[in-house]
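Trainee: Could we go through this structure together, one question at a time?
Mentor: Gladly; have a look at it here, and then ask away.

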Amino acid sequence: MSSIFKVKKKFDLRTLIISALIPLVVGFLIAFLTPDQGAIYGSLNLPSFAPPGYVFAPVWTILYILMGISAYRILMVGKTGINVKLQIYVYALQLALNFLWSFLFFTWQLRGLALIEIIFLLVFVLLTMALFNNRDKLSAKLLIPYLLWIIYATVLNFSVWNLN
């Protein structure tokens, strides 16, 4: 068993599966509830650095899995008696902001408001990473790709808002 799944020499398959499924379900719900994302994205004036639409699903799947593993590690720290309620609360808030963004940007086409919201998301991802780092450094490091993607998405959101 890889050390990424062991926290304080303990592994809990049930907690790992639930932790990974939560962000994956959020991603599935986003895709299910905003089914026209691809068509809307394709109809926008996009900057030269915008990725093709087919990139988003695999990237988000990987990011959601990393988020789940990160949360799993924090939950495992919590099982050792260390209070991680604040960490999990902030993690849940950033996940809720992640969920909301697609509706603002695609469904309601409020790209300026989506830009403001993604900046809040960025702040909450940074806060989540800082709080996770206080309990388990690896859990914070697992969120680095997510942070980088949100920074990129923020620049992309700004550019799309500006071009459209």
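## Helices, core and pocket

Mentor: Let me begin with α1, where the buried residues are Thr15, Leu16, Ser19, Ala20, Pro23, Val26, Gly27 and Ile30. Keep in mind that this is a predicted model.

Trainee: Which helices are included in what covers the buried residues of α1?
Mentor: Take Ala20, which sits in α1. Ala20 counts as buried because its relative accessibility is 16%, and the cut-off for buried is under 20%. The cover over the buried residues of α1 includes α2, α3 and α4.

Trainee: What distance separates the end C-alpha atoms of α1, and what span should its residues give?
Mentor: α1 has 21 residues, and the calculation uses 1.5 Å a residue.

Trainee: Which element gives the largest share of the largest nonpolar core?
Mentor: That core has 45 residues, and those touching the most other members are Trp60, Met67, Phe105, Ile118, Leu121, Tyr146 and Ile150. Two or more residues come from each of α1 (13–33), α2 (37–43), α3 (56–78), α4 (85–107), α5 (111–135) and α7 (144–163). The largest share is 11 residues, and it comes from α3.

Trainee: Which residues does Tyr146 touch, leaving out those up to four places away in sequence?
Mentor: Tyr146 is one of the buried residues of α7. It is also among the core residues that touch the most other members. With those sequence neighbours left out, Tyr146 touches Trp60, Leu63, Met67, Gln94, Asn98, Leu121 and Val125.

Trainee: Against which helices do the buried residues of α7 pack?
Mentor: α7 has 20 residues and reaches 29 Å from its first C-alpha to its last, close to the expected 28 Å. Its buried residues include Trp149, Ile150, Thr154 and Asn157. They pack against α2, α3, α4 and α5.

Trainee: How far apart are the C-alpha atoms of Leu115 and Asn157?
Mentor: Leu115 lies in α5 and counts as buried because its relative accessibility is 11%. Beyond its neighbours within four places in sequence, Leu115 is in contact with Thr154, Asn157, Phe158 and Trp161. Although Leu115 and Asn157 are 42 residues apart along the chain, their C-alpha atoms are separated by 5.9 Å.

Trainee: How many charged residues are in the lining of the largest pocket?
Mentor: The largest pocket holds about 670 Å³ of space. Of its 29 lining residues, Gln37, Phe56, Trp60, Ser102 and Phe106 are the closest to its centre. By class, the lining has 21 nonpolar and 8 polar residues, and the number of charged ones is none.

Trainee: And which element gives the largest share of that lining?
Mentor: Two or more lining residues come from each of α1, α2, α3, α4, α5 and α7. The largest share is 7 residues, and it comes from α7.

Trainee: Is Lys9 buried or exposed?
Mentor: Lys9 is found in the segment before α1, and its phi is positive, near 65°. Most residues other than glycine have a negative phi. The relative accessibility of Lys9 is 80%, so Lys9 counts as exposed.

Trainee: What is the phi of Gln109?
Mentor: Gln109 has its place in the loop between α4 and α5. With a relative accessible area of 46%, Gln109 is partly exposed. Gln109 is not a glycine, yet its phi is positive, at about 50°.

Terms used. Residues are numbered from 1 along each chain as its sequence is written. This is a predicted model: local features need pLDDT of at least 70, side-chain atom pairs count only at pLDDT 80 or more; totals for chains, interfaces and linings use all residues. Side-chain values use heavy atoms; hydrogens and water are left out. A nonpolar core is a set of buried Ala, Val, Leu, Ile, Met, Phe, Trp, Tyr and Cys residues joined through side-chain atoms within 4.5 Å. Buried means under 20% relative accessible area, exposed over 50%, partly exposed in between (1.4 Å probe, protein chains only). Helices (H or I, at least four residues) and strands (E, at least two) are DSSP runs, numbered from the N terminus. Contact means heavy atoms within 4.5 Å. On a 1 Å grid over the protein atoms alone, a cavity is a set of points where a 1.4 Å probe fits but cannot get out, and a pocket is an open set with protein on both sides within 12 Å along at least five of seven lines; lining residues have an atom within 4 Å of a point. Grid points are joined across faces, edges and corners, and a volume is the space filled by probe spheres set on the points. Ala, Val, Leu, Ile, Met, Phe, Trp, Tyr, Cys and Pro count as nonpolar, Asp, Glu, Lys and Arg as charged, and the others, Gly among them, as polar. The expected span of a helix is 1.5 Å times one less than its number of residues.
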